[in-house]
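Let's take a walk through this structure together, one piece at a time. Keep the 3D view open as you read.

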Amino acid sequence: MTGSFDTEKAVSREEALQPQMVTVEIAGKSFRVPAGITLMKALWYTGHEVTRGAGCLGGFCGACATYYRTRDDPKVKTCLGCSHAVEDGMSFSFAPAFPARKATYDLNELENPKQDLFTLYPEAPLCRNCNACTEACPQQIDVREGVWKAVFGDFKAVSETFMDCVMCGMCVPVCIADIAPNLVGVYASRAYGVREMEKPPGLFDRIQAIADGRYNDDWERILKMSDDELQQTSATITS
Amino acid sequence: MDIQALHDVVHRSRDARRQQTLPKLSPAERDTLIKKFHPDHREAAYRPVSFGPNEGDLTVRELASVLEGDSVVPDDLSLTPHYEADVLVVGGGGAGCAAALHAHGQGAKVLLATKLRLGDSNSVMAQGGMQIAVAPNDSPVQHFLDTLKGGHMKNDHELLKTMVEEGPSIAKWLLELGVLFDRDDDGNLHVKKGGGSTKARLLTCSDYTGLEIMRVLKDEVLNQKIQLLEFAAAVELLSDEHGACTGAVFQDLDNKRFLVAAAKTVILATGGIGRLHIQGFPTSNHYGATGDGLALAYRIGAPLVQIDTFQYHPSGGVYPEQLVGQLVTEGIRSEGGHLVNGRGERFVNELDTRDVVSSSIIRECEEGRGVRMPTGRVGVWLDTPLLEAEHGEGTLDKHFPAMVRQYARYGVDIRKDPVLIYPTLHYQNGGVKIDVNGETSVKNLFVAGETSGGLHGRNRLMGNSLLDLMVFGKRSGLTVAGRVGTMSHGRLTLNHLQRFRIEAKKRRVTNQVTSPVVLPAYTEQP
C-alpha cells in the first residue's frame, strides 16, 4: 500500500483508474469526475482551490456542510462534503458560513440556566414545529425535538440528542423562527454538565492524594532507576 | 469479486476465535517485529537534515525538505504590526484553545490565530478517549510506566511525570466547563482500557470524546471573547536582536496579504504532519496538518527531538475508497474486537501498542495473508460484529454511534459485517524540544501539543494525546501569563530568517521548497 497515495493528487490512483466518470454540477457549473469520489475530492479534482469549507476531512468538524440535489429529485438535501460520494447528475454547493448569533455567558454565574435560556436565546421558545431543522441535519439528529427539550428544561436529554452534533450549522438558515438550534444545544448541554451533573468522588480523591504526596515514595523509587531497571519494572506490571 | 465471500471467512471463524487468547509479545519479539515491518525502519525513506539546529539528524525526506525550506516572507517586509498581544497562540485545536483560555483567565491579552476555523483540528476527531489515572486500582505512576513502555523507554521523564500527575486536575477543569464524560452508576468517571495500558484509564464521551471537548472549548473561547484571527496562516516568526521570539507574520488565505502580529510571547500549537503523506501513506489527519510549527520553530533556531519516528495508527480505513486513511476507532479493539487476516486467523494481541499492531498488520499483508479488495488495496479485517455477539445487540449503536454512521454513509453496516483496515499515518511522535512549561530553546517561544516532542518517546500510547494537549496547553498558557505583566514588546526583526537564508546559500541547498506548507497541494493543476 505504501506509495499508492500520490500526494500531488486529490484523487488516488485507484479512484482515477475506475473507468466510470460521472457528470456533476458544482456551484452551477458542470464537470466530469470519477464515480464514487467524495464531494470534497471532486472540488480538488476540478481545480478548485479549497481554503474555506474544509477542516478535519473525517466527518467531525462540520466545516464542509454542503447542499446537494440528485437528478430529477426536487428535494435539496445536506451532507458533509468530505464524507459523501458523488452520483451522476448530482448538483451541489458548499454552504457558506452562516452569520448565526451566539449568546455569551458564564455558566457558573447564571442564576437559573433553564430560565436564562429564554434571555440568552429568546427565540428558542418560538419554534413553530416545521421540522426543517431536523430535515436539514446531516447527522440525522432530531433537532426539533432537541430544541423543545431545551425549552422544557430537560437539559440531560438535550445533551444526549446533540452528542452527534458537529456544529455544521445547517439547521440555522432553515429556521423560520431564527433559532440557532446547534448553539442552543451546546448551551443546554454545557449547563447540564456544569450545573446538574454530580461531581465524581473518585476524581477528587485522586487529586487530593497527588497533592498530599501519596505517590512521592513511588516516584522516588522509579525516577532513580536506570533504563534497564525501568524496563524490567514496566515489563513486569500487568493488569 | 464477491465481498460477501470475503466477509464469510470472518463470520465462520468467529466462534473459534472467541475461545482464543493471544499473548502479548516479549520486548525482544516486539523489537524484531518492529525492526522488520514498521515504516520507521525503512532506511530508504530517511536522510539527514543538511543544516540548522538538527544538522545531520536523520528524518523522513518529506520533513527534511520542509525544515530546509524557504519562507514566503521577503527579507524587507515592513514589520509594522497589524495586531498586538501579550500572547499569540498559533493554532485553534485542543492545545491552542487550552493555552488561550488559561492565559486569558490570568488576565493576559491573547490573540488566537488559525489558518482554518477555530476548532478545525485533529483534536476534534479523537474518538478513543483521554488517558487519566482516576480509577481506584490505578495511579499516575502506573500511567507513567505504561507510557514509558509504549514509548520504548525513550520518553522524557520530566515531561511525562508532569503530564500524568496533572491529568486528574485536567479532568476536573473540563468537567467544570461542562464536558460530559461517560460515568459509572456510582457517579464516578467511567474508564475504558486502551491498547498498551495495564489499567482501564480512558475517559470517554461515547466515541465523540474529541468532538465533545472541542465543542465546549470553542464555545468557551467565544464566550471569553478572546480575539480571533481565522483563515490566516503563520508563515514566519519574528525575533528581536537577542534571538527571542517577538511575534509572527501571517498570510491571509483569502487576499494573500501579510499580517504582522507583535506578541510578548508566542505559543505554537499547530498540530501534526500527516498531510505531508510521509512514505506515501494515507493519513487520518485534518486538512491543515502540514507540520507548519516544525518549520517555523526550526527556522528561528529551536532544536527538534525524535523526528525520525511517526505513528501509523493500526486501523485506517481501506474500503470503501472514500474512507481510505480515515481513522477507525481503536475503541473497537479496546472492547474486544479481533483483527483477522484473509484466512480467518487472529495474528496479534489486539491490545498491544500501536506500533506492534501496525507492524503485524503490515507483516500479514506483505506475506500474502491480507485481503485484497476490488480497488486493489490490501488490508486485514476488524471484526466489528463480534462486539454485538459478545456484549449484545445494540452495543455498536450505543458505544460507537460515530463509527456506525461513518460506514452507513457508504452502505456498510458494521453491525453485520467486518471492516477492512490498514495502518494510516496518524501522529508525529517527536517535535520541538520543550521544557515542562512548554518553552523551547528560543526564549518566549512555547510549543504545546503534537508540535512538541519528547513526551511520547518512539510511540505514543492511545489516549495520551488529548491529555498532552490539555496539560501543556494549560502550562504554557499559565507560564506566559505570569511572564507578560513585567515585559514590554521586543523589537520585530527577521534577523533569524536572514541568517537562515545565508546558511542555506552557503550549504548550497538547492530546490528549496516553500515552507510551512500550509495546505496540501490536492488541487489538480491544468
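Before we start, one term: a residue counts as buried when 20 or more other C-beta atoms lie within 10 Å of its own, and as exposed when there are 12 or fewer. Bear in mind, too, that this is a predicted model.

Now find helix α8 of chain A, which covers residues 201-211. Which of its residues are buried? They are A:Leu203, A:Arg206 and A:Ile210. These residues sit on the same side of α8(A), because they cover an arc of only 65° around the axis.

Just after α8(A) ends, have a look at A:Gly213, which takes a positive phi of about 75°.

Let's zoom out to chain A as a whole. It has 10 helices and 5 strands, and 41% of its 239 residues are buried. Its C-alpha trace spans about 70 × 55 × 30 Å along the principal axes. The radius of gyration of chain A is 25 Å, whereas a compact globule of 239 residues would come in near 18 Å. Take the contacts in chain A between residues at least 6 apart in sequence: 56% of them join residues at least 24 apart.

Next, the place where the two chains meet. Chain A brings 70 residues to the contact and chain B brings 76. On the chain B side, α5, α6, α7 (209-223) and α13 (401-408) each supply at least two residues. The largest share of that side comes from α6(B), with 9 residues. Sorted by type, the chain B side has 38 nonpolar, 22 polar and 16 charged residues.

One last stop, in chain B. B:Val10 is part of helix α1, residues 3-18. Is B:Val10 buried or exposed? It's buried, because 23 other C-beta atoms lie within 10 Å. Leaving aside neighbours within four places in sequence, B:Val10 is in contact with B:Val340, B:Gly344, B:Trp381, B:Asp383 and B:Pro418. Then there's B:Leu386: it is 376 residues from B:Val10 in sequence, yet the two are 9.6 Å apart in space, C-alpha to C-alpha.

Key: Residues are numbered from 1 along each chain as its sequence is written. Chains are lettered from A and ligands numbered from 1 in the order in which they are written. This is a predicted model: local features need pLDDT of at least 70, side-chain atom pairs count only at pLDDT 80 or more; totals for chains, interfaces and linings use all residues. Helices (H or I, at least four residues) and strands (E, at least two) are DSSP runs, numbered from the N terminus. The arc is that of the directions from the helix axis to the C-beta atoms. Two residues are in contact if their C-beta atoms, placed from the backbone, lie within 7 Å. The radius of gyration is taken over C-alpha atoms; the globule rule is 2.2 Å times the number of residues to the power 0.38. Ala, Val, Leu, Ile, Met, Phe, Trp, Tyr, Cys and Pro count as nonpolar, Asp, Glu, Lys and Arg as charged, and the others, Gly among them, as polar.
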